[in-house]
Amino acid sequence: MENPTQFVQWLRSVAPYIHAFGGKTFVVAFPGELVASGALPVLAQDLSLLVALGIRVVLVHGSRPQVAEQLGLRNVEGRFHNGVRITDTAALECAKEAAGELRLDIEAAFSQGLPNTPMSHAQISIVSGNFVVARPLGVIDGVDFELTGVTRKIAAEKIHPILQTEDSLVLLSPLGFSPTGEIFNLTMEDVAASTAIALHADKLIFITETPMMVDAAGTEIRELSSHQAEAVLQAGFLPPDAAFYLQHAVKACNSGVDRVHVVPFEMDGSALLELFTHDGVGTMISHENLESLRQATIEDVGGIIKLIEPLEADGTLVYRGRELIEREIDQFSVIDHDGVIFGCAALYPFPESKMGEMACLTVSAEAQTQGDGERILKHMENRARAAGLTKLFVLTTRTSHWFKKRGFVPASVDDLPKDRQHMYNWQRRSQVLIKTL
């Protein structure tokens, strides 16, 4: 191994996600384009890794290019309205053939046991069946969609026991059945969203053929609340395929799914990068904003310790034991992103001098350059003002330049409150910087 230190740091950084995801249910949906591109074997390896981590996985596959290929072999032209296929008898036969072939391809991909891959020694069972009850889509805008349907019910009571079985996952095709035995062609997005809602899934992950979503100015859209996503859809600047994914993401979020991820498959390992890194590589949609900057609680002590330990080890911060942090937890504020602490700071007031010390300002290395440090600083300044303080000071040995750029000016130990002067550590010889609020 060329860089064992980097490996250890990486493993530590993903540990909170591994802990958080164990036992959770993820619905993972991918289009037929992914299979056509040859990316299925790699996706199977990545999803097998999720199963090995104790995550319960339901797969939903699409089949649009495969159906188009079958129609082409029959010299039948495909018909669409608003991006949804109009399914006549010939198209339904093509959809059934495509679904059968894709199911076999997916089962084969999860049966590989190549050495030195995540599939090594894996024995994953794939279960599929008549889990999707559907009804006809009907006539919309005067257009009869014939045998195109929408999901009516997902047999969650049958799927849950399968997911409880070790190393088993469920595979759903974009086909549904009526109580009278009819078969309907469905969209992958509809089946996936309906499944995630019925199972009360923790995440719905669309691995898409579409590129990263961007706003009207061309800026990547990394994170949206469902309300913001609805506004994006109303604005109408997204391409139709991306808008279709986002529409179903909003439906899922508004119906109880905690998180929906829309992740392009063009990048190798995109699903893992989205799930196990802070910024991800796709767009995440949630019912509420995921990131909060708030006062710390006793439940945050472990996250704060994990955040500051590396800086204590290299001498950037003064060591604080767990008991001290627990006693002083009311002084801390944290940035909480999706349940993980990525930044913190503490405010110690000296009311007689109307001054406050900001200490322990820390942002996780993987979240730096995102402006979180500045956000915490402004938050602490507002806390100080609310407490009636007029000045904020810091003691630092390595980051004086950062504070100077944000309005702090050099001062001396004599400028500190009397009580703080007595506690000054002359061995560290920290620089004193003060900012008038």
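**Close-up 1. Strand E16 and its two partners.** Ser-225 has Ser-286 as its bridge partner in E16. Ser-225 belongs to strand E14 (residues 223-225), which runs parallel to E16 and is joined to it by three bridges. Two strands pair if DSSP finds at least two bridges between them. Strand E15 (residues 259-264) runs antiparallel to E16, with four bridges between them. In that pairing, Val-260 stands opposite Ile-285 of E16.

This is a predicted model, so local features need pLDDT of at least 70 and side-chain atom pairs count only at pLDDT 80 or more, while totals for chains, interfaces and linings use all residues. Residues are numbered from 1 along each chain as its sequence is written, and side-chain values use heavy atoms, leaving out hydrogens and water.

**Close-up 2. The two sides of E16.** In a regular strand the side chains alternate between the two faces of the sheet. Take a look at strand E16 (residues 283-286): Thr-283 and Ile-285 point one way, Met-284 and Ser-286 the other way, and all are buried. Buried means under 20% relative accessible area, exposed over 50% and partly exposed in between, with a 1.4 Å probe and protein chains only.

**Close-up 3. Two loop residues with positive phi.** Most residues other than glycine have a negative phi. Asp-141, however, has a phi near 55°, and its place is in the loop between strand E7 (139-140) and strand E8 (143-144). Asp-141 counts as exposed because its relative accessibility is 60%. His-200 also has a positive phi, of about 55°, and is found in the loop between helix H7 (188-199) and strand E13 (203-208). With 64% relative accessibility, His-200 counts as exposed too.

**Close-up 4. The second largest pocket.** This pocket has a volume of about 1,000 Å³. Of its 38 lining residues, Leu-317, Ala-359, Cys-360, Leu-361 and Leu-395 are the closest to its centre. A pocket is an open set of points on a 1 Å grid where a 1.4 Å probe fits, with protein on both sides within 12 Å along at least five of seven lines; lining residues have an atom within 4 Å of a point. The volume is the space filled by probe spheres set on the points. Strand E20 gives the most to the lining, with seven residues. Elements that supply at least two residues each include strand E19 (340-350), helix H13 (372-386) and strand E21 (391-396). By class, the lining has 18 nonpolar, 12 polar and eight charged residues. Here Ala, Val, Leu, Ile, Met, Phe, Trp, Tyr, Cys and Pro count as nonpolar, Asp, Glu, Lys and Arg as charged, and the others, Gly among them, as polar.
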